[in-house]
Amino acid sequence: FVIRSIASADVSEVSRRFLEEGGGRSDTNNIEQMTEDSLVGKVQSLCEILDDEEIQPKENVDRARRLLAAFTAQMSSEELPERKNPAEWMEILVANESLPNDDYRGKASLDRDTILSIIHRNAFGPDYHNYAKIEECWTKRANTENCYNRLLGAYPLSAMINHSCSPNAVRVFGYIPSPPRDGKTAATSEIDNIQGREVMIVHANASIPKGTEIRWSYLPPSTPFLLRRDMLRGKYGFTCQCGRCTKEEEALSVTPELKELCALADHYWSLRNAGQQSQGDSLVQSIENIFASKRLSNELQRYLRVGYSSLYMEFFNAAVSLENDESISSALQMATQLHFSFASCNNASTEHLSILHLCYDLSTLVRSHAIKGGSSDDAINRAMSQVRFWTEQLKNAHMVRYGALGEDLETIREAMTHSKLVLRNLEGWRMANNRFI
């Protein structure tokens, strides 16, 4: 489904305040807090309309009622009025319906702390960059106008989706362009109402049988097990018991050498995320040696590979830097295993697309070396078949991630070009003009 936010932080307002208050040079300068202030202000303005509804235009009051109903529907069930059926809740969550008059709380009861509590638990912040990255970007660039196009938004229906470390859905953000209008034609369909606005696109990334709950991951899938568990407990207050977590926990408890290696890998993973040098790539071969012993199921091997994919990327980079056929072929073979691992438990995630672009690049290197090395026609044809295979895998993953791209090959090609630019270059986000697709 494609859905608009009911309220979102004003990027231009936040960037302007950021620059006016020191542009990152002050200890009190905090983009996350400024962003939350902007979104809180949007919600409080709706409360103010209802507090003064006698002097407000009816359409403003109706809109404020619907948006506040959707926003407060994210509160705990004990604080909400009972509804007759799930269909009614669906209409409220997408801001198509409002609550009865006596269910509304004015500005005094929906105070700043209550609004912030809902935002902290349910709003969707910057997925691709964290606030520290955005602050770094805005500090380095004098013109922040096109430096980032979304920060924080409330999507009540999407906030109802629960977590799994092996999800069956994926989300992306974007804009649906507004068509040119002659000024006389009114919006006539649901799609008209979201054109020109920030939207979230949610798409199945696995087969979902009827009656199965839709779940996505609250964390990057490449987060190792113990850190995933700590982060979910700390931020969301629950201990994940999904199939992936259960199997990883069991494996660590019965395989001492795997537990020791994973502890080292967790350490290197933390160093890497802190921007420090790590030698985690040397651990990858040790982990693969345990996998080769056949003591762990294929499913568990895939889960663990995904959890340590950042270390695998270091291994691939080290292998490619050697620039010889054996190291490139070895890296492609291992990257292929990582692709199948992502396809099985985190299909079409950002990290999966990155691995697919790497596999495509490695396959083109294999073909190039085959041609330059004077290999036989059969070897060159096999290498070309690999390039075609990875092109098809990339296309399929983009069609899953970005929804119904259909048979428009040019649109698919543009999406693939965009994601490669962002994911395979250190400055890719800037090179893509800091824009989503």
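Buried means under 20% relative accessible area, exposed over 50%, and partly exposed in between, with a 1.4 Å probe and protein chains only. Keep that in mind as you click through this predicted model, where local features need pLDDT of at least 70, side-chain atom pairs count only at pLDDT 80 or more, and totals for chains, interfaces and linings use all residues. Residues are numbered from 1 along each chain as its sequence is written, and side-chain values use heavy atoms, with hydrogens and water left out.

**Stop one: His357.** Select helix H15, residues 350–372, to find His357; helices (H or I, at least four residues) and strands (E, at least two) are DSSP runs, numbered from the N terminus. His357 is buried, at a relative accessible area of 2%. Now show its contacts, meaning heavy atoms within 4.5 Å. Beyond neighbours within four places in sequence, His357 touches Leu394, His398, Met416, Ser419, Lys420, Leu423 and Arg424.

**Stop two: the cysteines.** Select Cys165 and Cys245: the sulfur of Cys165 has its closest cysteine sulfur in Cys245, 3.5 Å away, which is too far for a bond. A disulfide here is a pair of cysteine sulfur atoms within 2.5 Å, and a search of the whole structure finds zero of them. Cys165 is buried, with a relative accessible area of 2%. Cys47 is buried too, at 1%.

**Stop three: helix H13.** Select residues 309–321, a run of 13 residues reaching 18 Å from first C-alpha to last, close to the 18 Å expected at 1.5 Å a residue; the expected span is 1.5 Å times one less than the number of residues. Colour the buried residues of H13, among them Tyr312, Phe315 and Phe316. Finish at Glu323, which follows H13 and has a positive phi, near 55°.
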